[in-house]
Amino acid sequence: MTDPSWRQLTLAVSLSGVGSHPAAGRAVGSLAPATWRHWTSVIAEAERGGLELVTLADGPPERASGRATDGQLNGHRPPDPAAGSRDAGRLPWLDPALVACRVAPVSVAVGLLPEIPTVTTEPFLVSTQLATLDHVSDGRAGWSVIVSERESDGKYVGPRSVPPVADRFTEAAEHIESVRRLWDSWEDDAEIRDAGTNRFVDRERLHHIDFEGHWLSVKGPSITPRPPQGQPIVAVTIEGERSLRLAAAQADLAFVAAGPALHGTTRRLAEAVAAAGRAPEQVVVLADLGVVLSDDDGGAADRAAQLDGSAPRDDAGDPAFVGTPAALAQHMIEQAGDGVQGFRLHPAVIGDDLPLIARRVIPELQARGARHPDGVRAPSLRARLGLGHPTNRYAASPR
Amino acid sequence: MSAPRQIHLAAHFPGVNNTTVWSDPAAGSHIDFSSFEQLARTAERAKFDFFFLAEGLRMREHAGRLHELDVAGRPDSLAILASLAAVTARIGLMATITTTYHEPYELARQLGTLDHLSDGRAGWNLVTSSDPFTGANFRRGGYLPYDRRYERGEQFVESVQLLWDAWSERGSRFEYDGSQVRIAGEFPLPPLPQGRPAMIQAGDSDAGREFAARHADGIFTRHGRVQDGVRFYADVKGRLERYGRQPHELVILPGTTFILGDTDAQAHELALEVRRAQVSGPHAIMFLEQLWNRDLSSYDPDGPLPEVDPDLTAQVRAEGSAQARMLQREAVETAARWRARAEAGNLSIRELVIEMTGRQSFIGSPQTVAEAIDAHVQAGACDGFILIPHVTPGGLDRFADEVVPLLQERGAFRTDYEGPTLRDHLGVTRPLQPPRPQPARAS
């Protein structure tokens, strides 16, 4: 293998409502995302293409990125004054971790990374929920970490108080550390079922984690045995210096916006990873790219114009690719490498763009030698991303 | 003759305690999804109302050390139920969830999500807890005093219901302002298939019963015997009227164990065998330590009971054990009674513990067990049972195959589901009430 980091270009898709474009909701205009049928058909499409993983959004992008103002609250898009009814464009947002659990038994290969916030959640519950997803999916679970910077988050958990906005990333680091320790709190062989001593577990292989942070503390051990992957994938989206430092210290997977700054950010991340005492190959980087696809260039441009005309994108600075599947494949091959292992694509309208990614883009990548022609089978999501089975921090020397 | 009262049955996944016999050759995994799937499918094949998971948010400890003897390790309940929604089609999916260490917005969204993902099969067994031992795993620690747990519980239920009712043409904003729950924002789920997921409740205190009468669709109770059951049933159903509710709107379901054999005699033999497997020598010593509150590890489980009295001064040894807390209340008297019983019957420690603790509720041939279950319901002791098999995951097979058909023959149990939702199965469909007025803020 010459350069495995782009010979096998890793491909992920962000599943956010009915699509990443604000007009997607109007294009589809329904309560479909509140049904299991919607999600099983979307996941079937992702599996058809052989995608490595999908992330499942917790709310509209402005929430996920923490860029929302307080006028835009949890859970759905803010009402659009241009629309005839306040209800137009409003989408349901199911709990993404449970959606992942719902689709796990009816999928076999795709990694499932629900977005879960740190500020409003309990590390203990996040840990057991993701460990359970990992058990149910046979090692395909991950966590797309959301560190919200909105003042209003505290209103969802009152009277508990939440950290001030300036400290949210510090708290997130403590949250993730607690979750990771809980995953290790059962050694892989803690369940012994030893009839001779009547013991089901060996307490020497179970560990209190005794995490004592500034913002939270957790005793442990977990109630859930160690997940099959040992450590499910922890993914952090890099949007600034603090998220970059968090990713360098805690992430297995980092999402970095595609565009002119991609490789600069990736280099700075690599430096921060080294400064955190970790090996560069411990953090996989995928570039975030919005896509509007069509079989011909004109069709894609028309779709993009129509979507933008219907509802302008929130952040015109977000990179988006408009064009054909073949051109997208070529574009990704040119941009990958140099520390970027692949892409997370954000389909503008999932119903339109995901089938093109699965059925057209991936064959184009395979034809160019950037994806294995038969797809790659691996025992876990970690393995598919090229990450090893992690050593348990609490395990004594090998028995 | 009028039609017999209809029995409700539910399946409890075997618990993280010594009721579950892991040493049985048929005992499978307690964490693999296949075990949950198999038991849920068996219960669905038998037309049970729901599949049930208990909650425990801290690993049990005994004398300051993690407990080793019993089955340990469990998944996140709502996560497993969401996965089970993919491999079942009709059975209700119910989890125990404490209002103390969960947050109402998150739980309303998760239960609402489960209800959507299962087309109306989500259920919630509400418990209130107050337990710093468990609290050590959570942000707020043991923040809630015992006597305020129902204050939190009430506000939790009211706020969760407010959220489930929040989505309308005009938006989905909510605001709830209480002493224990103070939340505001927007709720992202459209109306749930059940309107509100079915909710049962497990508290037995006066406050618990009143809470159930006001809010719950069912009660998970310990009162398994006919006489206790009839009293409890009458008491709780009698409380419904003051909330404008009908007796059938609250289903009373004791948790119950069972042992089936080809004959009654064989079942009783098997029951004793299971009891021996449930109470090993180390188990018997540990059980005694819960009452004596002393280190009894030097005692022989096959020998006589300790001469010393329970230690009432030391800290409780069995952290997180409700059983231990109950035993502690009358420790010296109970110990004296046990000693007398052991001397009278010439019983060893282990033999005594086998006799004193949890004999199975129903033991017999399928015919005997079917008759006994039906008799309880027809006598007004309960509306049915939550069955707790002692082996994972096949412990319900024989009941489903041999007892259920007999109940069906008696006309006391459904031969197929009549509606799609858990509320339909429980028979507790009722028109949604408008959101309740919010309580005055505590001073």
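This is a predicted model: local features need pLDDT of at least 70, side-chain atom pairs count only at pLDDT 80 or more; totals for chains, interfaces and linings use all residues.
Let's start with chain B.

Now for where the chains meet. Chain A brings 58 residues to the contact, and chain B brings 55 residues. On the chain A side, four elements each put in at least two residues: the helices α5 (96-103) and α6 (123-136), plus the strands β5 (191-194) and β6 (199-201). Of that side, α6(A) gives the largest share, with 7 residues. Sort the chain A residues that touch chain B by class and you get 29 nonpolar, 16 polar and 13 charged.

One of those elements, α5(A), also packs inside its own chain. Its partner is helix α3 (residues 36-49) of chain A, and the two axes come within 10 Å, crossing at roughly 65 degrees. Angles of 65 to 115 degrees count as roughly perpendicular, so that's how α3(A) and α5(A) are placed relative to each other. As for handedness, the crossing of α3(A) and α5(A) is right-handed.

Which residues make this contact? From α3(A) come W36(A), W39(A), T40(A) and I43(A), and they meet V99(A), R102(A) and V103(A) of α5(A). By class, this contact between α3(A) and α5(A) holds 5 nonpolar, 1 polar and 1 charged residues.

Terms used. Residues are numbered from 1 along each chain as its sequence is written. Chains are lettered from A and ligands numbered from 1 in the order in which they are written. Two residues are in contact if their C-beta atoms, placed from the backbone, lie within 7 Å. Ala, Val, Leu, Ile, Met, Phe, Trp, Tyr, Cys and Pro count as nonpolar, Asp, Glu, Lys and Arg as charged, and the others, Gly among them, as polar. Axes are lines fitted to C-alpha atoms, for helices over the stretch in contact, and angles run from 0 to 180 degrees between N-to-C directions. Angles under 35 degrees count as roughly parallel, over 145 as roughly antiparallel, 65 to 115 as roughly perpendicular and the rest as oblique. A crossing is left-handed if the near helix is turned anticlockwise from the far one by less than a right angle, and right-handed if clockwise.
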